[in-house]
Amino acid sequence: MTTGELSFTRLTAGQIAENIGTLIHRNLLQFFRNRQLLILSLVQPLTNMVMFAYIFNKVASAPGLPYRQYVIPGVLVQAVMVSAMRTGVAVSYDRNAGMNDRFRSLPIARSAVILGRTISDSLKIAIQLTVLTVIAVAAVGFDFRQGLLRGVAAVAVLAVFGLAVTAFSAWVGLAASDPEATQMWLITPTLPLVFGSSAIAPIAQMPHWLQVFARCNPVTPAVDLSRNLVNGGPLLHDFLLYVAWTGGIAVVFTILAVRSFQRSS
């Protein structure tokens, strides 16, 4: 047994939490020092927001709501999915650059590397969602029809969903052969999951076969719960599905990612 493994077995819960906090700090510093990535993380979803709010608003519709009011939560969940892809790419780069070997040589919890990455990236997603929502309310005409508190809850729903997606993304980053393959493996399900959900169009307007997929899609309860918090509507059914999907994805893929990280040692 190596010194690192001996140290690992003696770690307390407080030390593991400290390890996670240190790695969160490291990942956030890297992100905020990369100004190009910081700017692009806002410009890309803002472009989509303007396109859907001002261009598709003329040709699309949603029963009982202005399309702009309907689609903004969908644009936000799309931003979550795209941003979460960076987790897998970053994990893959760390592995190929030898950073994971360095982490394994340190007397820190193996799980801290994965949890530090997914939590820090989820915090970035939460900040991104907050900025995008403020812009949507101030400049695009999005309205918290049920009040500020429910509006904040709607953003929180999508941010927590981001935690689950980053866990999946981290596992893909460890399982794929390189960063380029990671990006392709992640973008392949992202587009069908976003556009094959209720994010962009009501499910009732879709072909029957696509309606079946949309109702089984984990993105649908997340965006529907967020949308109903903002606009009003039933919450319990979407909340139960959201908790099941989000909790299941987060737990399963965090465990798989940690095991994958350990096996590669």
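This is a short tour of a predicted model, stop by stop, with something to select at each one.

Before you click, note that residues are numbered from 1 along each chain as its sequence is written, and that side-chain values use heavy atoms, with hydrogens and water left out. In this predicted model, local features need pLDDT of at least 70 and side-chain atom pairs count only at pLDDT 80 or more, while totals for chains, interfaces and linings use all residues.

**Stop 1: colour by confidence.** pLDDT is the predictor's confidence in each residue, from 0 to 100. The chain has a mean of 89, and 95% of its residues reach 70 or more. Now select residues 1-8: pLDDT stays under 50 there, and the model has 7 contacts beyond four places in sequence for this stretch (contact means heavy atoms within 4.5 Å). Where pLDDT is low, the predicted coordinates should not be read in detail. Helices here are DSSP runs of H or I, at least four residues, numbered from the N terminus.

**Stop 2: helices 4 and 6.** Select residues 67-96 (helix 4) and residues 110-140 (helix 6); their axes come within 10 Å and cross at roughly 150°. Helix 4 is therefore roughly antiparallel to helix 6 (the term covers angles over 145 degrees, on a scale from 0 to 180 degrees between N-to-C directions, with axes fitted to C-alpha atoms over the stretch in contact). Show side chains next: the contact includes Ile72, Leu76 and Val80 of helix 4 and Ile125, Leu129 and Leu132 of helix 6. Its residues divide into 12 nonpolar, 4 polar and 4 charged.

**Stop 3: a salt bridge.** Stay here and pick Arg117 and Asp94, whose closest N and O atoms are 3.3 Å apart in a salt bridge (a side-chain nitrogen of Lys or Arg within 4 Å of a carboxyl oxygen of Asp or Glu). Arg117 lies in helix 6 and Asp94 in helix 4, so this pair ties together parts that are 23 residues apart in sequence. The structure holds 5 salt bridges.

**Stop 4: helices 7 and 8.** Move to residues 148-175 (helix 7) and 179-195 (helix 8), whose axes come within 9 Å and cross at roughly 140°. The two helices are therefore oblique to each other. Phe168, Ser169, Val172 and Gly173 of helix 7 meet Thr182, Trp185 and Leu186 of helix 8 in the contact. Its residues comprise 4 nonpolar, 3 polar and no charged.

Note on methods. Angles under 35 degrees count as roughly parallel, over 145 as roughly antiparallel, 65 to 115 as roughly perpendicular and the rest as oblique. Ala, Val, Leu, Ile, Met, Phe, Trp, Tyr, Cys and Pro count as nonpolar, Asp, Glu, Lys and Arg as charged, and the others, Gly among them, as polar.
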